[in-house]
Structure formats: structure tokens, C-alpha cells
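Please work through each task before reading its solution.

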Amino acid sequence: MTPPVALTIAGSDSGAGAGIQADLKVFAALGVYGTSVITALTAQNTHQVRAVLPTPADLVTVQLDAVLSDLPVLAVKTGMLGTVEVADAVAAHARAGLLPNLVVDPVLVSTSGHRLGVVAAVARLLPYALVATPNREEAAAIVGRPVTTTDDMVAAAEQIAAGGPRHVVVTGGGDDDRTDAVDVFWTGGRARLLAGPRIPTRNTHGTGCSFSAAIAARIALGDPVPEAIVFAKEYVARALAGARDWRLGTGHGPLDHFGWSR
């Protein structure tokens, strides 16, 4: 059987824990054929981002046209865009209806703290998103105020949804005193709290990339959005738990995308 096709538009992570490399691992783990458009080259590992080289916007356009003209893409996710010019190139394709089932992961800061994107770039894509998946820090940057509590997450999700996305998930675990991890899923004009186990681990590099990639993969496989989001949260929880005791690198290590530790 021919597998469904998904597309990731994101930066390359030389440490392979996040970005294009993580997205393609998720697609493969979930039985989806992954294609890619690279928006930037980064020199990074589990400890730090050492350099970022944005891809010229015209080359991003050529990559998009090459993939979309030949392969039957069913879902698309974006990650690091890097520059407004790159975001404009991607948004032009979204505006033309060429990026089906668009999942926007507004990557603004890496796990190690390096700034990888600009809010203006993310804003270019939000009106065309089927799903947006900011974490608390990214949501705060988008709405322009702190997002720390669960109530803050609900308010931010509502505001972001007003800008275009049909569904918004603000991730980050909810109130710090909770023993579980709660994400806020805004859909149909109301908030739904998605609770799951809080996994104690330092290995969290690529969590947001993996979550959004899993949503796109499940949509490509035919899941309705709510089911895709619930599946993605459970998948990331398993991947975090699987890599809990890994010692890959000296910083925030990667996830167990393939269930190697189960």
C-alpha cells in the first residue's frame, strides 16, 4: 500500500533531536512518508545552538514547488521559519491553497534558549493554520503578555484562535504546582484541558517539533483533528518516558521516537 505523504517545513538540526530530523523520525515512526523543505541550517547539539544560516527565500520557494508539484502531500507542518522573507514564501503557498491541513508550530526559542524565529514570521502563517501549537513561552510572545497559569493558557489560546487557526493547543504543562501535565486545546469556541503524566526527564529536546509532527502525521492518516491531537500528546509522553534514562549529549537530550526503550 502506498503510504500517505506529509511535509515538514523547518530548520535542520545537526544534533538530530529537533527540526527536520525529528519531524522525519516521527513521520516514519507513524507510518507516513515524510518530505521536507529546509528553512535554515543550524549548528547545534543537545547543549547549545552555535550558528544559524537561514535559507534564501527563493530557494525555499523552489523546494516547495518541487515537492508539491510531484508528491501528493496530505498534511503540512511548519517549524522554524527564521526570517519574515521565508515566512512570506511559505504563506504565499498557504494562501494559494497549496499547503493542506497546515499545522503551525511557532518555533521561537530552542530548548537550549537560542532564539530561532521572530514573531512577525509566525504571524504570517497563523491565518492559514488548521492547527497552531505554541508552548507557553511562544504563546506569550504572540499575545504580548505573560502566559504562566492554566487560565493564562486558555486566554492565550482563545486570542490566537481569533487570528485564524481553527484549533489551538497551548502546551507547557499548566500550573507549576500540578502533578500532571496539562495542555489547553481551544476548538469550537471553547477550551478543553488535555491532562497526561508529567515525565521527569532532562531529555526534552524536540518535544514541540515531535508533537506538531505527530498531529500532521495522524491527519495525513485520516484522523479528525481532535483525535490527532490526543494521539500526539500520548505519543510524545511515550517518547519522553522511553528516553528518560538516555545519556545522549550533555544537555537536553532527544526523545525515543521509535519506542526503542519499550
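Two strands pair if DSSP finds at least two bridges between them; helices (H or I, at least four residues) and strands (E, at least two) are DSSP runs, numbered from the N terminus. The model is predicted: local features need pLDDT of at least 70, side-chain atom pairs count only at pLDDT 80 or more, and totals for chains, interfaces and linings use all residues. Residues are numbered from 1 along each chain as its sequence is written, and side-chain values use heavy atoms, with hydrogens and water left out.

**Exercise 1. The sheet**

Solution. 
1. The bridge partner of V104 in strand 6 is A132.
2. Strand 2 (residues 33-44) pairs with strand 3 (residues 49-54) in the antiparallel sense, over five bridges. Here A40 has P54 of strand 3 as its bridge partner, and a hairpin of four residues leads from strand 2 to strand 3.

**Exercise 2. Helix 6**

Task: Identify which residues of helix 6 are buried and what they pack against.

Solution. 
1. Helix 6 (residues 150-162) has 13 residues and reaches 19 Å from its first C-alpha to its last, close to the expected 18 Å. The expected span is 1.5 Å times one less than the number of residues.
2. Buried means under 20% relative accessible area, exposed over 50%, and partly exposed in between (1.4 Å probe, protein chains only). In helix 6, the buried residues are T150, M153, A156, A157, I160 and A161.
3. These residues cover an arc of only 130° around the axis, so they are on the same side of helix 6. The arc is that of the directions from the helix axis to the C-beta atoms.
4. The buried residues pack against helix 5 (136-143), strand 7 (167-170), strand 8 (180-187) and strand 9 (190-197), where contact means heavy atoms within 4.5 Å.
5. Exposed D151 and A162 are carried on the face turned away from the buried side. After helix 6 comes G164, with a positive phi near 140°.

**Exercise 3. Aromatic rings**

Solution. 
1. Rings of Phe, Tyr and Trp (its six-membered ring) pair if their centres lie within 6.5 Å; planes under 30 degrees apart count as stacked, over 60 as edge-to-face and the rest as tilted.
2. The structure holds three aromatic pairs.
3. F231 and Y235 are four residues apart in helix 8 (residues 225-242), which means about one helical turn separates them. F231 is partly exposed at 22% relative accessible area, whereas Y235 is buried at 6%.
4. W246 and W260 have ring centres 6.2 Å apart and planes at 25°, so they too are stacked. W246 is buried at 17% and W260 is exposed at 64%; together with F258 they form one aromatic cluster.
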